[in-house]
Amino acid sequence: MIQLTGAAKHFGDRTLFQATDLRLGDDDRVGLVGPNGSGKTTLLRILAGLEPLDGGKLVQTRSQTIGYLPQQGLSFSGRTLLEECQSVFTDLLALETGLRELEARMAAAAHHPRPSAEAGAQAAAEAERYARLQHQFAVRDGYALDARIATVLGGLGFAAGDQARLCEEFSGGWQMRIALAKLLLASPDVLLLDEPTNHLDLEARNWLEEFLQAYPRACILVSHDRYFLDAIIARVWALGRGKLTAWTGNYTQYRRQKEQREEQLLAAWKQQQERRQQLEVFINRFRYTATKAAQVQSRIKELERMPELELPETEAHLHFRFPQPPGCGRTVLELEGVDKSYGAHAIFRGLDLRLERGDRVAVIGPNGAGKTTLLRLLSGELAFEAGVRREGHEVKLDSFAQDQYKALDPGRRLLDDLTDCAPALPAPELRGLLGCFLFRGDDVFKPIRVLSGGERNRYALLRLLLHPANCLLLDEPTNHLDLDAKEVLLEALRQYTGTLVFVSHDRYFLDALATKVWEVGGGSVGVYLGNYEDYRYRKAHAGEAAAGLEKNAGSKYAAGAAPNANGAAAEGAAAGAAAGNGRGPRPKRMNPQKRQKLEAELGQIEAELAAVTAELSELESAMGREETYRDGGRVQQTMQRYERQTARRDELLAAREAAAAALAPAD
């Protein structure tokens, strides 16, 4: 349990929070939210005992253990990864060492030819002590220690062979993973996690989400990943405008409650202002009228008793539509037979990939799989050893890299540079945009050279979106953005009518934006329709779908439901060939009624396939006409319809092949 009573913290003349009373229960899951610079990290350091309060009290249970993970700055050296993780269990390892020493002494005493009475009593005492220590070791799960370490390291993305590597061999991001692994293995009573997903890929992030959902103790989490917050927390502590307030529910519920509360406060304030005005008008009108003296006094008292309601401080939400790009051909980019290696390490082998107009592609895969390499191949800035790259008609590419800030002029001031970039926009609107991307107040007059790398990248992303090309390649655009800035970016990209390929580890961003997923790994790229949630579902059920296809190869539309229907059709053809070469058993003649039913199903498939193909031709014609692109909503509807019908056509083609294969043996 942690309790804040009358707590206050200041930085000079700036108040982070004051007169704050909050309590953290033994198993509470709290999300600490607020804009960048509001003091979230400072509050975590106060709770961890690393910074003092300026006022009030912090009360903690005496025996309580607290584990704190900062955003960055931790590094380890001098030990292997396994030894570093084992250092968390110093007392448990000492207990194991004591057990081994006792075992050695007991084994030596057992081989003594004629033990004395004194030696026998000592052996009995050691056996009793051994039993006691062994019980303690088992109760503390000491026998599963290596398995626990392997589970946590594997979940955070370390390979089995990494355990023997020295810690100093790992880069900064992996050093933070080591720190997170040690913290999770220690299982403190209170976990304080400051942006724990910053250095994790999607798979590690998903594993951490499941780990924290099952964590039996208290946790306070700072994160700019909305999906991650929603999946874990049950309470919100909101920090901002000099206040720290508590809310019940996850982040989405907090946002909804906050908006409702602001609406209620605003309505109450307006009602009070109207009543106050009515009272003042009556008092001023009849103040010197003797017959109204009692009524005037009554209204004066009502006015004096009226509590002062302050106008609620609502957050400004910027509504801005970024300019839309020009149209282009149906095929935007195409890679055919591309090989790419770094020295002896092959990234891609014979890569075939096609990007079509209107696609919103999320590129996923573990760190080091080649996501950034793929974006650089698509942009044409990276050479490859073999294959062909083709750009479509009237395609205009623009890309955002993780080191995009290097292209900026360091001597320009932010507002001046942005004004030159978008001269048609008024200064207040430009300042509002800069504010959404976390450049507020006098920050807009800073020269670019004084900004950090993250701040420069954030500004470079804003410049890119002011004049978007018809194909954007974005590498981690959500890095260095807080939750509100991500919402602005997400809304801008939702309105964007061009083609988009992006890398992101933010689950909410992936699910809200992607219409297609490219999975990078193993020298190739797997293509999946839908967003990231759809991708995970298909991956999880791929084995079931394949088994169902093999079992029901002749059933209606069975092939269309499988992830690789063409493989099943080929399998059926191979079986037919084996039956005809004289080495396999003679196929049984198909029942006439079953054959008739299959032929009827095949006819239905053919009819629907013809209708879908005709509609696709009409949609392609529409997408080739200029007037289609004058209406953003119409473009989006056309693209979505085209995606659905393309997927349906593929299903029908696969189902037709399966039905034809089922009919073939009887011919």
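Leaving out residues up to four places away in sequence, L221 touches V30, G31, L32, L193, P196, F228, L229, I232 and I233, a contact being heavy atoms within 4.5 Å. The model is a predicted one, where local features need pLDDT of at least 70 and side-chain atom pairs count only at pLDDT 80 or more, while totals for chains, interfaces and linings use all residues. Residues are numbered from 1 along each chain as its sequence is written, and side-chain values use heavy atoms, with hydrogens and water left out.

L221 also turns up in the largest nonpolar core, a group of 49 residues where L156, L180, L191, L193, L208 and L221 have the most contacts. A core here is a set of buried Ala, Val, Leu, Ile, Met, Phe, Trp, Tyr and Cys residues joined through side-chain atoms within 4.5 Å. Buried stands for under 20% relative accessible area, exposed for over 50%, and partly exposed for anything in between (1.4 Å probe, protein chains only). Helix α6 (residues 172-186) gives this core its largest share, eight residues. In soluble globular proteins, nonpolar side chains tend to be buried together.

Zooming out, the protein chain has 21 helices and 18 strands; these are DSSP runs numbered from the N terminus (H or I over at least four residues for helices, E over at least two for strands). Of the 667 residues in the chain, 42% are buried. Contacts between residues at least 6 apart in sequence join residues at least 24 apart in 69% of cases. The chain exposes about 34300 Å², with carbon and sulfur atoms supplying 50% of it (Shrake-Rupley method, 1.4 Å probe; for residues, only the protein chains shown count as cover).

On to the sheets. Strands β2, β1 and β4 make an open, antiparallel sheet in the order β2-β1-β4, where pairing takes at least two DSSP bridges between two strands. At the edges sit β2 (14-24) and β4 (55-60), each pairing on one side only. Neighbouring strands are turned by 20 degrees against each other on average, direction ignored. Strand β1 (residues 2-11) is joined to β2 by seven bridges, and L4 has L22 in β2 as its bridge partner. Helix α1 (residues 40-47) packs on this sheet, touching β1, β2 and β4, and its direction makes about 130 degrees with that of β1. Axes are lines fitted to C-alpha atoms, for helices over the stretch in contact, with angles from 0 to 180 degrees between N-to-C directions.

Another antiparallel pair is β17 (residues 516-521) with β18 (residues 524-529), held over six bridges; K516 has L529 in β18 as its bridge partner. The two strands form a hairpin with two residues between them, and G522 in the turn has a positive phi of about 65 degrees.

Helix α9 (residues 251-286) has 36 residues and reaches 52 Å from its first C-alpha to its last, close to the expected 52 Å, the expected span being 1.5 Å times one less than the number of residues. Its buried residues include Y251, R255, E262, R276 and F286. Cover for the buried residues of α9 comes from elements including β3 (29-33), α8 (226-232), α10 (293-305) and α15 (483-495).

Finally, A401 lies in the loop between β14 (397-400) and α12 (414-421). A401 counts as partly exposed because its relative accessibility is 26%. Leaving aside neighbours within four places in sequence, A401 is in contact with N457 and D475.
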